[in-house]
Structures are given as C-alpha cells and as structure tokens.
Amino acid sequence: PNVTLAYRPVLLAQAAVRYQDRKVNIFTARYYAYRIPDLERTGMVHWEDYLSDPLDPKELTRDPQGVAIYADLAPGLSDAKRMSALQKELVDMLYSTARLRLAQNTTLKLYSNPDVSESEFYAQAAQVAREQRDAEIDKVTTQLEKQMDVLEGRLTRKERELQAERKELADRRREETFTKGEAFLSILRGRTTYTLSRTSRARRYTRQTEEDLLESEQVIRALNTEMDALEQRFEQELRAVNEKWAKIANDVQEYVVTPYKKDIQVELFGIGWLPHWYANINNQPLLLPAY
C-alpha cells in the first residue's frame with residue numbers, strides 16, 4: 001500500500017518538578033509530560049488522562065522528517081489565551097498533586113530514598129532494627145547475668161554450709177551417743193548431776209545443728225526456685241525484646257514531600273507534531289503512530 005508520513009498536532013506539555021527536604025536529605029526531580037490531542041477552546045482538561053513518557057528536549061526537531069501531510073490544528077491550539085491559561089494551570093495542577101511519597105520509620109529515624117527501590121528501605125530498616133535489638137538483648141543479658149551470679153554465689157556458699165552442718169550433725173550424734181553411754185555408767189557409779197547435765201547439753205547441740213541443717217536446706221530450695229524464676233523472666237524478656245523490634249521494623253508510615261512552586265519548571269509547552277504513517281487499505285484510511 002501507499003504510505004505517507006503524516007503529522008498530527010497535540011498540546012505538548014512537560015515540566016520538571018524538583019523536590020528538596022533538608023529533614024530527610026532529599027534533593028531529586030521528577031518529570032511530568034502530557035500529550036493532549038483535539039484540544040478545545042473551553043472545557044476542563046483532565047491532565048491525568050494524557051500523562052505520557054517524558055521527552056528529552058534535545059531530541060526534538062523543528063523540521064519534518066521528510067515530505068509529509070499535516071492535520072488541522074484543534075481549536076484550542078490556535079487560541080493564545082487558552083494556551084497561556086493552560087500553561088498556568090499545569091503549574092498549579094502539579095503544585096497541588098505532584099507529591100513525592102516516601103516511606104519513613106520514625107522510631108528508627110529512617111526515610112526511603114526515592115531514587116532506589118522501596119525494598120532497599122525495608123532491608124535497611126530490618127538491619128537497623130536487628131542491631132538495636134541485639135544491643136538491648138546484650139544489656140538485658142548483662143543485667144540478668146549479674147543477678148544470676150549473685151544467686152549462684154549464695155547457693156555455693158549455702159551448699160558448703162550444708163555440707164559442714166551435715167558433718168557437724170553426724171559428729172554431734174556420735175557425741176550424744178557416747179555421752180548417753182557414759183551417763184549410764186556414771187549413774188551406776190552415783191555421779192548423776194554432772195552426767196545428766198552433759199547429756200542434756202549434747203542433746204541441745206544436736207537439736208540446734210538439726211535446725212541449722214533444716215534452715216540451710218530451705219534456703220537452698222528457695223535459691224533454686226529463685227534461679228528458675230530468673231531464667232523464666234530472662235526468656236520472657238528476650239521474647240518481648242524480639243517482638244518489640246520486629247514491630248518497630250514494620251512500623252512504616254508515609255512521608256510526603258511537597259514541591260515549592262518555584263521548583264516547578266515548564267520545559268515544553270506548545271504545539272507538538274507527532275509523526276504517523278497514513279495509509280489507505282481497501283479504501284479504509286489508517287493512521288499508525290510512527291514514534
């Protein structure tokens with residue numbers, strides 16, 4: 001078929017929006033481009049319906065790429081007042097809607113970088129949270145280890161006392177048995193007052209040693225119970241610390257950067273001629289984009 005280069009006019013608009021926020025150390029830019037065909041002299045323009053890929057202004061040319069035909073201008077494209085009003089409207093629209101939306105974690109004091117993937121922000125948040133979690137776990141561990149050392153020291157001393165008391169009790173019982181035997185012989189000899197007094201004293205010492213032994217056993221049981229409770233508390237605190245920092249790592253909010261109007265720069269605004277291929281196939285006109 002016979003194919004002809006054809007140019008179709010559109011409103012070609014493009015603006016660079018620069019964002020800067022010292023709080024989050026952001027200095028970046030975004031480009032918004034629009035191609036609006038069949039522009040009328042009046043009526044609302046829904047800019048979002050005509051959003052297109054940005055162009056490099058250096059790649060545009062004022063000359064056609066060969067012999068071509070040209071479509072008629074839409075009414076709005078030939079209306080200077082309409083074009084001027086729309087250029088101002090473009091800036092106002094971008095000022096109102098062109099927000100840069102970042103991810104932020106206020107607890108970790110982190111903000112996403114708009115020029116890298118958001119997944120990197122989540123990876124960074126997880127790493128920082130792990131580091132702070134580990135620091136807190138070290139602190140908790142140090143505190144509880146000190147408490148455990150104190151209890152273990154007391155337990156060791158009490159166990160030594162218990163061993164000594166057991167030995168003393170055995171000695172007292174042997175002494176009491178010997179004293180009773182001696183008292184029996186003394187009674188037969190008529191020395192009752194001295195020997196009965198000595199027997200009573202030996203028995204009293206034995207009872208005292210038995211009481212000391214019982215007290216030591218009770219203290220040891222209490223210390224073991226306290227150490228078990230301390231270990232359980234340590235496990236609970238570790239779980240709480242892990243859960244706390246996992247929650248913090250996932251506590252992500254949106255941080256919005258709004259551009260200043262002075263940072264919205266219109267790079268292109270006017271009539272743009274888009275190249276197409278025009279062909280007549282089986283008496284049916286056909287217009288295909290050539291860009």
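Predicted model: local features only at pLDDT ≥ 70, side-chain atom pairs only at ≥ 80, totals over all residues.
A pair of aromatic rings is described by the distance of the centres and the angle of the planes. With ring centres required to lie within 6.5 Å, the count comes to five aromatic pairs. In one of them, Y70 meets W273 with the ring centres 5.5 Å apart and the planes at 90°, so this pair is edge-to-face. Y70 belongs to strand β4 (residues 68–70) and W273 to strand β8 (residues 264–281), so the contact ties together parts of the chain that are 203 residues apart in sequence. Y70 counts as partly exposed because its relative accessibility is 43%. W273, at 36% relative accessibility, likewise counts as partly exposed. Ring pairs also bring in Y7, which forms a cluster with Y70 and W273.

A further pair joins Y111 and Y255, and here too the arrangement is edge-to-face, with 5.2 Å from centre to centre and 70° between the planes. Y111 sits in strand β6 (residues 110–111) and Y255 in strand β7 (residues 253–257), so that distant parts of the chain, 144 residues apart, are linked. The two partners fall on either side of the 20% limit for burial: Y111 has a relative accessibility of 22% and therefore counts as partly exposed, whereas Y255, with a relative accessible area of 13%, is buried.

The charged end of K261 sits over the ring of Y95, at 5.4 Å from the ring centre.

Technical notes:
Residues numbered from 1 in each chain as written. Heavy atoms only, no water. Phe/Tyr/Trp six-rings, centres within 6.5 Å; stacked < 30°, edge-to-face > 60°. Helix = DSSP H or I, 4+ residues; strand = E, 2+ residues; numbered from the N terminus. Buried < 20%, exposed > 50% of the residue type's maximum accessible area, 1.4 Å probe, protein only. Lys NZ or Arg CZ within 6 Å of the ring centre and 35° of its normal.
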